[in-house]
Amino acid sequence: MNNQKIFKWSCDNESNSASCFFVGKNYLEMSETKLGLNYLQRSCDLKYGLGCWELGAYYEKMGNLLLAKKFKDKGCKLDIKDLCALRNK
């Protein structure tokens, strides 16, 4: 079983937020945008700050600055304060 399958199972069956993040990132890298965003959203909903941050980065890249700010701000309120400190310098 490869890592993607393990992380997907962990996300889907155990609501493991970090696993959801890795699955989402992998899907985005494979150009499976809808699946990638769904898993990143799930990660963010499970209060994994990096999942929120990556959603924000994706929307920023797509030019949707309102959604980008929303997700990055949510991530900053969670567990990625170091990334947020860099953003604010």
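**View A. The disulfide between Cys11 and Cys20**. Cys11 and Cys20 are joined by a disulfide, S to S 1.9 Å. Keep in mind that this is a predicted model. Looking along the S-S bond of Cys11 and Cys20, the torsion comes out at about 95 degrees, so this disulfide is right-handed. As for solvent, Cys11 is buried, and Cys20 is buried too. Both cysteines turn up again in the next view, where Cys11 sits on the H1 side of a helix contact and Cys20 on the H2 side.

**View B. Helix H1 (residues 3–14) against helix H2 (residues 17–29)**. The two axes come within 8 Å of each other and cross at roughly 130 degrees. That angle makes H1 oblique to H2, since it falls in neither the roughly perpendicular range of 65 to 115 degrees nor the roughly antiparallel one over 145. The crossing of H1 and H2 is left-handed. From H1, the residues to look for are Gln4, Phe7, Lys8, Ser10 and Cys11. Facing them from H2 are Ser19, Cys20, Phe22, Val23, Asn26 and Tyr27. Sort the residues of this H1 and H2 contact by class and you get six nonpolar, four polar and one charged.

**View C. The disulfide between Cys44 and Cys52**. A search of the whole structure turns up two disulfides, and here Cys44 pairs with Cys52, their sulfur atoms 2.0 Å apart. What is the hand of the disulfide of Cys44 and Cys52? The torsion about the S-S bond is about 95 degrees, so it is right-handed. Cys44 has a relative accessible area of 0%, so it is buried. Cys52 is also at 0% relative accessibility and counts as buried.

**View D. Helix H2 packed with helix H4**. Here the axes of H2 and H4 are 10 Å apart, at an angle of about 25 degrees. That makes H2 roughly parallel to H4, because the label goes to angles under 35 degrees. This crossing of H2 and H4 is left-handed. On the H2 side, the contact is made by Phe21, Lys25 and Leu28. H4 brings Leu50, Gly51, Glu54 and Tyr58. By class, the H2 and H4 contact has four nonpolar residues, one polar and two charged.

**View E. Ser31, in the loop between H2 and helix H3 (33–45)**. Check the backbone here: phi of Ser31 is near 65 degrees, a positive value in a residue other than glycine. Is Ser31 buried or exposed? With a relative accessible area of 64%, Ser31 is exposed, as the label needs a value over 50%.

**View F. Lys47, in the loop between H3 and helix H4 (49–61)**. Here is another backbone to check: Lys47 is not a glycine, yet its phi is positive, about 70 degrees. Lys47 has a relative accessible area of 58%, which means that this residue is exposed.

How values were computed
Residues numbered from 1 in each chain as written. Predicted model: local features only at pLDDT ≥ 70, side-chain atom pairs only at ≥ 80, totals over all residues. Heavy atoms only, no water. Axes fitted to C-alpha atoms, helices over the stretch in contact; angles between N-to-C directions. Helix = DSSP H or I, 4+ residues; strand = E, 2+ residues; numbered from the N terminus. Left-handed = near helix turned anticlockwise from the far one by under 90°. Contact = heavy atoms within 4.5 Å. Nonpolar A, V, L, I, M, F, W, Y, C, P; charged D, E, K, R; others polar. Disulfide = S-S within 2.5 Å. Buried < 20%, exposed > 50% of the residue type's maximum accessible area, 1.4 Å probe, protein only.
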